[in-house]
Amino acid sequence: MSEPCGHIDFYPNNGKEQPGCDLTETTLPFTLIKEGIEEASHVLVACNHVRAIKLFIESINSKCSYVAHKCNSYQNFLQGKCFSCKENDTGCAIIFLNTVRPNHAPGSKYFITTGKDTPYCRRQYKVMLDLAKPPRAESWVQGFMKHESVVT
């Protein structure tokens with residue numbers, strides 16, 4: 001469901017196609033051999049829905065906190081516009097367990113990204129670089145970024 005309907009609504013990967021559930025990415029014969037017919041049928045028929053169960057189970061004992069961010073759209077979430085957790089402690093929520101708290105407004109959407117394989121939990125980072133000319137700098141001052149790779 002794309003419309004919020006619970007006390008708090010979580011949308012892993014926008015609540016739609018989950019990473020690793022695209023049949024063009026999945027090696028169904030290998031899954032069948034490795035994990036059996038039940039898991040292969042989940043991959044084939046209901047991977048996106050079964051992922052919710054897997055995320056819930058993994059979140060119980062995971063050392064990685066599944067921190068979701070309150071945002072009005074997935075696009076704004078991906079652009080880093082909803083990264084703060086400071087909105088009276090309602091800007092973020094740890095998904096699944098212990099999330100129904102009085103300070104989370106019903107109808108709010110909380111977004112999170114996950115990985116395609118277990119462990120699914122991923123950390124979100126926001127990196128901001130200001131490379132433009134600062135207003136107080138000389139006219140010839142400009143920012144630049146250099147990337148170096150080390151090959152071993």
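Let me begin with the cysteines. Take the bonded cysteines of this protein in sequence order, and the pairing reads 1-2, 3-8, 4-5, 6-7. The count is 4 disulfides. Keep in mind that this is a predicted model. A disulfide, of course, is a covalent bond between the sulfur atoms of two cysteines.

Cys21 pairs with Cys47, with the sulfur atoms 1.9 Å apart. Cys21 sits in the loop between β1 (9-12) and α1, while Cys47 is in helix α2. Cys21 is buried, at 7% relative accessibility. Cys47 is buried too, with a relative accessible area of 12%.

Next, Cys64 and Cys121. Their sulfur atoms are 1.9 Å apart, and they form a disulfide. Cys64 lies in the loop between α2 and β2 (67-70), and Cys121 lies in the segment after β4 (109-112). The pair therefore ties together parts that are 57 residues apart in sequence. The S-S torsion is -60°, and the link is left-handed. Cys64 and Cys121 are buried.

Now Cys71 and Cys82. A disulfide joins them, S to S 1.9 Å. Here the separation is 11 residues. Cys71 is in the loop between β2 and α3, and Cys82 is in the loop between α3 and β3 (92-94). The torsion about the S-S bond is 45°, which goes with a right-handed link. Both cysteines, Cys71 and Cys82, are buried.

Let me step back to the overall layout. The protein has 3 helices and 4 strands. Along the sequence the pattern runs β-α-α-β-α-β-β. There are 152 residues, and buried residues make up 31% of them.

How confident is the model? The average pLDDT of the protein is 76. At least 70 is reached by 64% of the residues. Among the elements, helix α3 (residues 74-78) has the highest mean pLDDT, 93. Helix α1 (residues 28-45) has the lowest, 59. Where pLDDT is low, the predicted coordinates should not be read in detail. Please bear that in mind when you look at α1, given its mean of 59.

On to helix α2. It covers residues 47-61.

Which residues of α2 are buried? They are Cys47, Val50, Arg51, Leu55, Glu58 and Ser59. Note that Arg51 and Glu58 are on that list. An α-helix has 3.6 residues a turn, so residues three or four places apart point the same way.

There is also a surface patch to look at. Ile53, Phe56, Ile57 and Ile60 form a nonpolar patch on the surface. Together they have about 370 Å² of accessible area. Ile53 belongs to helix α2. Is Ile53 buried or exposed? Ile53 has a relative accessible area of 51%, so it counts as exposed, the cut-off being over 50%.

Last topic: backbone geometry. Most residues other than glycine have a negative phi, and most peptide bonds are trans. Here are some exceptions.

Asn13 has a phi near 50°, a positive value. Asn13 is in the loop between β1 and α1. Asn13 is buried, at 9% relative accessible area. Asn14 has a positive phi as well, near 70°. Its place is in the loop between β1 and α1. Asn14, though, is partly exposed, with a relative accessible area of 21%.

Then the peptide bond. From Thr118 to Pro119 it is cis, with omega near -5°. Pro119 is found in the segment after β4.

Happy to go back to any part of it.

Definitions and conventions
Residues numbered from 1 in each chain as written. Predicted model: local features only at pLDDT ≥ 70, side-chain atom pairs only at ≥ 80, totals over all residues. Heavy atoms only, no water. Patch = residues over 30% accessible without salt bridge, like charges linked within 9 Å, V, L, I, M, F, W, Y side chains within 5 Å. Areas by Shrake-Rupley, 256 points an atom, 1.4 Å probe, with all protein chains shown as cover. Salt bridge = Lys/Arg side-chain N within 4 Å of Asp/Glu carboxyl O. Helix = DSSP H or I, 4+ residues; strand = E, 2+ residues; numbered from the N terminus. Buried < 20%, exposed > 50% of the residue type's maximum accessible area, 1.4 Å probe, protein only. pLDDT = per-residue confidence, 0-100. Disulfide = S-S within 2.5 Å.
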